[in-house]
Amino acid sequence: MAKKSQTKTKYAGVYKNTNNGMYYFATKVKQEDGSFKSIKSKSIYDSPILCYGDLIKLKEGNTSVLEKEIPIQVTPTINISKPEMKLKPFVNVAEEWLDGYKAKTKKQTSRVVEMVCRDILFSQFKDCSINFLCENRTLVNFKQMLSDRPVGNAYRNRVLFIYKSIIEYSYYSNYISQKEYGLVKLLLTPFKEVSETKPSKRKKREKFFYTLEEFEFFVQFFDKEKELQTLLYLLFYGGFRIGEALALTIDDIDFELGFVVVSKSQLQNGEISTTKTANSIRRVYLPKSVLKRLKTYITRAKIKDKLFTINYFILILKLKEYSKAVNVDYLNPHGYRHSCCSFLFQKYKEHNIAIDFKQVADHLGDKVDTVLSVYYHIYGSEKTKIIDLID
């Protein structure tokens with residue numbers, strides 16, 4: 001049997017060429033006539049993160065990444081722990097990782113991560129090699145340093161996540177050995193957060209999702225605020241992230257075919273950014289009743305560009321205000337995404353059809369693994385009915 005010349009990576013669409021050890025991406029890109037064309041890059045990337053960054057740029061319409069030519073450096077087939085590898089400065093490795101991280105995340109998130117890197121990691125290990133960060137003594141001292149800082153465990157865990165991500169990148173880039181990588185994973189265990197030891201009072205007061213009946217009861221009170229009412233219908237039936245919904249324009253809607261194109265997101269400060277992940281770029285098909293409501297709203301409000309102008313923080317205040325006024329549990333905007341998933345699961349159940357997790361994931365712009373780990377617990381006691389099949 002012939003040996004495979006490629007292996008999958010943890011980055012969707014990114015593969016490793018086992019013949020030369022380099023990485024490439026393979027995806028489908030929509031053409032002007034509506035068809036899709038399969039595109040595969042050259043095996044020229046020495047890092048899966050950089051390869052994934054260019055894949056996202058391609059999906060956003062930047063075809064220049066296909067013309068990129070990176071000279072392949074042939075590494076001698078000798079012991080990987082040669083002395084010159086020990087001289088790789090930590091700062092250089094961290095900068096490489098940051099470039100890849102910025103390419104696949106929102107600006108607001110990457111700014112926070114970069115700030116943590118410069119304020120804590122760079123100041124601590126400015127003149128050290130990447131291998132020094134994998135030593136037993138360094139790891140113990142670093143975790144003790146975090147314990148002594150007057151910050152919460154959530155912040156400490158964020159620093160650990162960045163630290164371990166850089167080390168993981170170093171391992172896959174052949175800057176450190178597997179033993180060093182394993183030692184970091186073993187010793188840098190997360191700090192316990194408050195939610196693990198004591199239930200959050202705020203979470204007790206907030207509802208996790210609405211049923212269809214609860215949603216229809218609540219949304220009727222927004223008849224005089226059509227913008228907000230229309231937005232809530234889109235969130236419930238479309239499963240949009242709130243940033244995706246607020247970034248929609250009239251050009252993103254195809255009323256004839258019945259779908260909305262998601263290709264961008266709006267940050268809380270109003271800035272338009274890329275979507276959360278590459279999977280988030282999608283078509284969201286909506287029921288005819290929702291499309292009719294959306295068309296009526298656009299006509300009456302004389303929308304020319306953006307569908308919604310409501311501020312994110314005003315939206316939160318209004319939802320809390322109305323929830324209190326009509327005596328229903330408050331549901332934050334992201335809760336409508338959970339509600340959509342719950343609604344889809346319920347429809348599969350009513351029609352006695354097995355849940356198609358791939359279709360649900362495509363509708364939400366997530367991976368199947370994410371739907372199973374984040375949303376499937378909504379299905380509740382229905383999972384226990386597997387016993388009926390066994391009996």
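Q: In this predicted model, what is the bridge partner of Ile253 in β6?
A: Val260 is the partner of Ile253 in β6. Asp254 stands opposite Phe259, also in β6.

Q: What makes β5 and β6 a pair of strands?
A: Pairing calls for at least two bridges. Two bridges join β5 (residues 253-254) to β6 (residues 259-262), so the two strands count as paired. They run antiparallel. Four residues lie between them in a hairpin, and in its turn Gly258 has a positive phi of about 80°.

Q: How do you know that β6 also pairs with β9?
A: Four bridges join β6 to β9 (residues 282-285). The rule asks for at least two, so this pair qualifies. Val261 has Arg283 as its bridge partner in β9. These strands run antiparallel.

Q: Why are β5 and β9 called edge strands?
A: The three strands form an open sheet in the order β5-β6-β9, with antiparallel pairing. β5 and β9 each pair on one side only, which is why they are the edge strands.

Q: Which classes of residue make up the lining of the largest cavity?
A: The lining has three nonpolar, four polar and three charged residues.

Terms used
Residues numbered from 1 in each chain as written. Predicted model: local features only at pLDDT ≥ 70, side-chain atom pairs only at ≥ 80, totals over all residues. Heavy atoms only, no water. Nonpolar A, V, L, I, M, F, W, Y, C, P; charged D, E, K, R; others polar.
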